[in-house]
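Please read the following report beside the sequence and the 3D view. It treats a helix, a helix pair, a sheet and a chain contact in turn.

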Amino acid sequence: MYQIVKQIIKTGIKTEPAPQANEEMRIQPQVLQQEILDTFGHALNIRLVDAGSCNGCELEINAVNNAYYNLEGLGIKFVASPRHADMLMVTGPVSRHMEVALRRTFDAMPDPKLVVAIGDCAYDGGIFGESYATCGKVSNIIPVDVVVKGCPPTPVAIMQGILAAMSHAVKE
Amino acid sequence: MPIIHPGLQLIPMSGAAPAWQGRIRQDDLQPICRSVRDRGGRLVALWGSDQRASGSGFTLHLLLLNEVGLICLHLPLSAEQPVYPDVSEIFPVAVRMQRATYDLLGIVHDGQDHRQWLRHAAWRSGSFPLRKDFDASQSRTDELDNYRFVQVAGHGVHEIAVGPVHAGIIEPGHFRFSVVGEKVLRLEERFGYAHKGIEKRFESMSLGQGAKLAGRVSGDSTVAYAWAYAMAAESIAGTTPPDRALWLRALFLERERIANHLGDLGFLGNDVAFSFGLTQFWILKEQVLRNNAALFGHRYLMDAIHPGGVSVDLAESGKQTLLEECAMLEREVHLLRSIYEEHASIQDRYMGTGYVAPKLAAQLGVCGLAGRASSQVWDARMQFACAPYDQLDVRIAVHRNGDVAARVIVRFDELFESLRLQRKIVSNLTHSDILTLPLEKLPGNGFGLGLVEGWRGEVMVAIHTDAQGRLMRVHPHDPSWQNWPVLEHAIMNNVVPDFPLINKSFNLSYSGHDL
């Protein structure tokens, strides 16, 4: 126990200042009711669906929870059920085998809801494109509020995308 | 010669991996497989190709491995009746590969299990995406995926269905548990959700574009795939990349191993409610990723390797950064290891959990990190030490306990070994301005193989070119094909809440498997 406490003290606080929302990432304004948005406060729950990514984006989405980026310190956390989620985060070109699961996850979320597409594949199908096996970009399947490009996008870019979706929703 | 068999003629292949190839007849397939297995050999990969454009039918390709090298067998099949002898009784790991090969190419084994594997409902049954005359516009179907899981009956048995959407930041897949109380009687996996037509995609690409795609078969192993792809291309072209490029490739591969092992060790702490471990290891991983970005321009080193060489160099000033990183990681990981080992509640969850007996691992052909944790003494960096590993003397990490604890220990040992290798690579790196040889086009009718020991296990890429030297067929093979089936055994008689821990101790790829 002594070693653990000593290590925690030695490590100190690694968390860096949070980035600003990047308004350029928003591709589609979505009308959301103010009174419901107020309930978001500074807390937001995200459900992630990997709709067929190469798992590169998942590496960076995991990284936003490390001590440097500390997304949870901003009141934003990943949840296990779409029923608990305010935001759906989607990676990958949407494989045809995940199309139904993605739609069902989206439908299972309560309104109002936000969708953030993460990565070049989610943006336009990326290197995998559209084929017998993929539906291409996420917005071919469900409405998307914010897109974060990159292969994979950095943790800072992912946070900017999340904050852009939130700040817009709060302004509405 | 790796194997002697009456009537079998093997020709050595050029390239970094010691490999031979030869055509065989139907009747010889099972006897050859049996003789390789009986002498301790394994099946690495099984795939097929459509050769009808060149006037023949289909071909089944099997890649076997023994202590001498890789043996690639080509079995010609007729265009009308492409049937081949089942090899899954000799190599159980072949079951899913045989099923997937049918789904994609329509060549069929004469064994028992003919359920679909990679195909759900994205394309019609009876249409085969990897056939050259496949028409994607005609292949869509509205039929529902109706997969026949094996049912477990008995008093008190019930099923838990998990996925494809999982409760975390992970890839899609389905797990069907049959349980009594909390105890798991049986697990059946169902994959293919991340199938995005990678193999078909290669066929419309140039060699250079293909390198980028290879680096995205499984993002966490981008270096291993890019190297294996480049190795296969260089084997066809008969070229060897410049010395400095090979050393840099090894540096990238070890950095990929370091980053992934650090991340996994953190997750393995988190899965036993030891969030201190997650926080600490992910701080270390982030520092490695930031050094990657600063020195090589990408946090995961994507597109750093291409056929012919590498696209990024290590600046002289970067050497100091890497040596300092080594010293820091050695110090910190040493401390964290002692904390993990002395923390009773961690060891209580690790010890004996998810046990894979060495004998079972050998039967199932478990490879890579998971294999080494169950006494499978195999590491391509040691056995087939291609340059620069022939000058690095990799010390293999093995353990015989086969449980989560053993897989954690192997990770720690490999992490320290990779740090030692990184030091050695940095100090041995000779100066040169040449990082790449021109390699934009391959010779016609070529066939090449690349095998790289990635952090998870051996990553293989096979390339076939057509008469014009274009990519006719590319088959990437992930070690997850070998190791997913053993997870079904590892979970038996464990409790359901230990599944995430056991699963993470293997940390297999869905994308690399689903293609």
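Of the 12 residues of α2(B), 12 are buried, so this helix is largely enclosed by the rest of the structure. A residue is buried if 20 or more other C-beta atoms lie within 10 Å of its own, the C-beta atoms being placed from the backbone. Among the buried residues of α2(B) are B:R96, B:Y102 and B:L105. They pack against elements of chain B that include β3 (42–50), β4 (58–65) and α14 (480–490). Helix α2 covers residues 94–105 of chain B and reaches 16 Å from its first C-alpha to its last, close to the 16 Å expected at 1.5 Å a residue. The expected span is 1.5 Å times one less than the number of residues. Just after α2(B), B:G106 has a positive phi of about 75 degrees.

The model is predicted: local features need pLDDT of at least 70, side-chain atom pairs count only at pLDDT 80 or more, and totals for chains, interfaces and linings use all residues. Residues are numbered from 1 along each chain as its sequence is written, and chains are lettered from A and ligands numbered from 1 in the order in which they are written. Helices (H or I, at least four residues) and strands (E, at least two) are DSSP runs, numbered from the N terminus.

In chain B, the axes of α5 (residues 222–237) and α6 (residues 243–270) come within 8 Å and cross at roughly 150 degrees. α5(B) and α6(B) are therefore roughly antiparallel to each other, a term for angles over 145 degrees. In contact (C-beta atoms, placed from the backbone, within 7 Å), B:V223, B:A224 and B:W227 of α5(B) meet B:R249, B:F252, B:L253 and B:E256 of α6(B).

An open sheet of 3 strands in chain B has the order β13-β14-β15, with antiparallel pairing. Two strands pair if DSSP finds at least two bridges between them. β13 and β15 stand at the edges, each with a single partner strand, so one side of each is left without a neighbour in the sheet. β13(B) and β14(B) pair over 7 bridges, and B:F447 stands opposite B:H464 in β14(B).

| Strand of chain B | Residues |
|---|---|
| β13 | 447–453 |
| β14 | 458–465 |
| β15 | 471–477 |

Finally, the two chains touch. The contact takes 39 residues from chain A and 41 residues from chain B. On the side of chain A, the largest share, 6 residues, comes from α3(A).

Methods
Two residues are in contact if their C-beta atoms, placed from the backbone, lie within 7 Å. Axes are lines fitted to C-alpha atoms, for helices over the stretch in contact, and angles run from 0 to 180 degrees between N-to-C directions. Angles under 35 degrees count as roughly parallel, over 145 as roughly antiparallel, 65 to 115 as roughly perpendicular and the rest as oblique.
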